[in-house]
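Trainee: Could we go through this structure together? I'd like to know what stands behind each label.
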Amino acid sequence: MMPIPIGSSTRRLVASVQKLEATLASAGLPRFVARLPVCWLSWHYCRLLDQKIERIRRIRKKFERWWPAIRDISEGGKARREMLDLDRSMRDDIEYTKSTMLELRDYCVDIGRMFEQLGYESARLKRRQAVFMELLESSCAAASKMQDALTRHDDAVLALLRADAAENAASRAAATAVQA
């Protein structure tokens, strides 16, 4: 069997589980008993995915709640100047969150490959992985939507500031002309 390209820690885990399974089988235990470490590992990853799914859902809900608020304050000349993200820190934080979610997606794929390499199939694990992958995609989309709303808001605020500056410059020029 050709090894599937996976991370080094995952390769070590696969090797350890395969060694344990071989040891149990060579001790004369039935195959289903020798496979118990792999079953336990699958159960463990299902539990981890359940926890990750709940955390990512909370993050996605926050993005979905914040997006309308940012959109509303940036439309129709209501842009709030105190919310200007001049240093892009808010967008950078969202980008970091997205990149972390994409790394989690890669780990999820690695775990699936690991179980394939072990010759183990779990419908429960596959369902959770599918839910997790879809949730990551929708969360990244919500994050991108939030970044776009922040960019539109900042553009609106900058346009207001430019208009105010131009109006102030015109007022000063008119006042100087009157004094002269």
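Predicted model: local features only at pLDDT ≥ 70, side-chain atom pairs only at ≥ 80, totals over all residues.

Trainee: Which residues is Arg91 in contact with, leaving aside its neighbours within four places in sequence?

Mentor: Arg91 touches Asp85, Gln147, Leu150, Thr151 and Asp154. Arg91 itself lies in helix H4.

Trainee: What makes a stretch a helix, and how many are there in the protein chain?

Mentor: Helices (H or I, at least four residues) and strands (E, at least two) are DSSP runs, numbered from the N terminus. The protein chain has five helices and zero strands, so its pattern along the sequence reads α-α-α-α-α.

Trainee: Why does Arg91 count as buried?

Mentor: Buried means under 20% relative accessible area, exposed over 50%, and partly exposed in between (1.4 Å probe, protein chains only). Arg91 has 6%, so it counts as buried. Asp154, at 4%, is buried too. In the protein chain of 180 residues, buried ones make up 30%.

Trainee: Why is the pair of Asp154 and Arg91 called a salt bridge?

Mentor: The label needs a side-chain nitrogen of Lys or Arg within 4 Å of a carboxyl oxygen of Asp or Glu. For Asp154 and Arg91 the closest N and O atoms are 2.6 Å apart, so the pair qualifies. Asp154 lies in helix H5 and Arg91 in helix H4, so the pair ties together parts that are 63 residues apart in sequence. As background, side chains of opposite charge can pair when their charged atoms come close.

Trainee: How many salt bridges does a search of the whole structure find?

Mentor: It finds 10. One of them joins Arg128 to Asp50, with closest N and O atoms 2.6 Å apart. Arg128 is in helix H5 (residues 123–179) and Asp50 in helix H3 (residues 36–74), so this pair ties together parts 78 residues apart in sequence. Glu137 and Arg105 form a salt bridge as well, at 3.0 Å; Glu137 in H5 and Arg105 in H4 are 32 residues apart. There's also a network of salt bridges linking Glu21, Arg31 and Arg35.

Trainee: Are Glu137 and Arg105 buried, partly exposed or exposed?

Mentor: Glu137 has 40% relative accessibility, so it counts as partly exposed. Arg105, at 28%, is partly exposed too, and so is Asp50, at 24%.

Trainee: What is the mean pLDDT of the protein chain?

Mentor: pLDDT is the predictor's confidence in each residue, from 0 to 100. The mean is 83, and 88% of residues reach 70 or more. Over residues 1–6 the pLDDT is below 50.

Note on methods: Residues numbered from 1 in each chain as written. Heavy atoms only, no water. Contact = heavy atoms within 4.5 Å.
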